[in-house]
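I opened this model to look up its ring contacts first.

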Amino acid sequence: MNRQQIMSRLACDVPVVYTQGPWSLWDRQSEEFRGSPILGRTTQHDGVSVDVPSRLLVTWRKWPALTRFVEALHARRLRRALQSARDLPLVAYLFGPELLPVATSLRPDLLVYHAYDLFESTPGWSARDDALQRAAIARAGLVFGSSRTIVDRLETLGASAPEFVPNGVDFAAFSSSGFAAHRPCSALEHIAQPRIGYTGRINRKVDLALIAGLASRHPNWQFVMVGPVVDLDHHSESALARCKQLSNLYFLGAQPVDRLPALVASMSVNLLAYRTSNDVWTQGIYPLKLHEYLAAGPPVVSADLPYVDEFRDVVAVAGNETAWDALIDRALESDHVENRAHRADVARRNDWSARVEHIDGRIRAALGLSASSQRLR
């Protein structure tokens, strides 16, 4: 995810603690809650201290006073995790508004707000979430948006100078010349070529009706869906039922992160198969998989969405269902080495390292630190 890519790179120079906040009352039946320690702990992942919250600190929205108390105690736990760097400036970096109360309790020297989606268009968004987002924007010293559409929306919500920081790619991991892309991919051994793939969360934004139609019309193409099936609506549940009746359509479920480059590279064509209707949030997304697809090599066919406009020289854009058939067919027939090299070139210019270098520079400037200084956390 973008937060993992950003935080792990920042952690090369400064101490970073990542948290998803304290447990809520609704988490009590989850396996993760039951396995968490009574007093909490941190684990190390990619150089980041990842918070495992205490089972004793549980929020309950019906009791606001209790929730505020728990959030304040959770912030104290985070500060203790950074005790070795207590003399350094403290940055609270929010990927969404829900942890603003915790961030506020941290008393940071700088608050950064990074919107990676049009949050108000996503399932479950509430009036409380909206109020928190507006408050986060008002308090933030830096505001980033992962697409220009999101940046425009942040401006309407009161952000004075939101910056466009698009998602990138771990090019070394996904590159067609990289080690990971050439690892054996046992998950695909039983699936014949050509393989038409989608990789990512399979939720209501994915056009499963389109996938079902393509698979029905092209029985010799094998469609491979990689990722967990979550958060469907009535439209996508109906389409999913159709998909599962087709013998040339495979759902592989969630896969380990280190297996994804090989899976993406093993497809004949990769799809950005998103719904374009107004009842989903796709008009504002800049998906991680765009540059991952390009780095891996195979041709890419996408729905006609704003973020692909500047990449039409390396992404085929389908404006209607008939175009999807024609563009996939053309991609299967004309995938040349030069095309792959051009796609890789574009992806290389969008590596996460360049994105995080910019973010790091903006944070240091906001804190009044020199570019070479490492004095922040």
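**Ring cluster.** I started with a cluster: ring pairs link Phe164, Tyr286, Tyr307 and Phe311. The model is predicted, so I kept its limits in view: local features need pLDDT of at least 70, side-chain atom pairs count only at pLDDT 80 or more, and totals for chains, interfaces and linings use all residues. Residues are numbered from 1 along each chain as its sequence is written, and side-chain values use heavy atoms, with hydrogens and water left out.

**Aromatic pairs.** I found 10 aromatic pairs in the structure. Rings of Phe, Tyr and Trp (its six-membered ring) pair if their centres lie within 6.5 Å; planes under 30 degrees apart are stacked, over 60 edge-to-face, the rest tilted. I looked at tryptophan 221 with phenylalanine 223: this pair is tilted, at 6.3 Å centre to centre and 45 degrees between the planes. Tryptophan 221 counts as buried, at 8% relative accessibility. Phenylalanine 223 is buried too, at 0%. My cut-offs for relative accessible area: buried is under 20%, exposed over 50%, partly exposed in between (1.4 Å probe, protein chains only).

I then went back to the cluster. Tyrosine 286 and tyrosine 307 form a tilted pair, 6.2 Å centre to centre, with 45 degrees between the planes. What does this pair tie together? Tyrosine 286 lies in the loop between strand E13 (269-272) and helix H11 (289-296), and tyrosine 307 in the loop between strand E14 (300-303) and strand E15 (316-318), so the pair ties together parts that are 21 residues apart in sequence.

**Whole chain.** I counted 14 helices and 15 strands. These are DSSP runs numbered from the N terminus: helices are H or I with at least four residues, strands are E with at least two. Along the principal axes, the C-alpha atoms fill a box of roughly 60 × 45 × 40 Å. Of the 377 residues, 53% count as buried. I also checked contacts (heavy atoms within 4.5 Å). Among those between residues at least 6 apart in sequence, 69% join residues at least 24 apart.

**Helix H1.** Is H1 (residues 2-10) mostly covered or mostly open? Mostly covered: 8 of its 9 residues are buried. Among them I noted Ile6, Met7 and Leu10, but also Arg3 and Arg9. The cover includes strands E1 (17-18), E4 (48-52), E6 (91-94) and E7 (110-115), plus helix H14 (352-367).

Most residues other than glycine have a negative phi, and most peptide bonds are trans. I noted exceptions. The peptide bond from glutamine 193 to proline 194 is cis, with omega near -5 degrees. Proline 194 sits in the loop between helix H7 (171-174) and strand E10 (195-199).

Aspartate 46 has a positive phi, near 55 degrees. I placed aspartate 46 in the loop between strand E3 (41-45) and E4. Aspartate 46 is partly exposed, at 44%. Aspartate 231 also has a positive phi, near 50 degrees. Its loop runs between strand E11 (222-226) and helix H9 (234-243). Aspartate 231 counts as partly exposed, at 46% relative accessibility.
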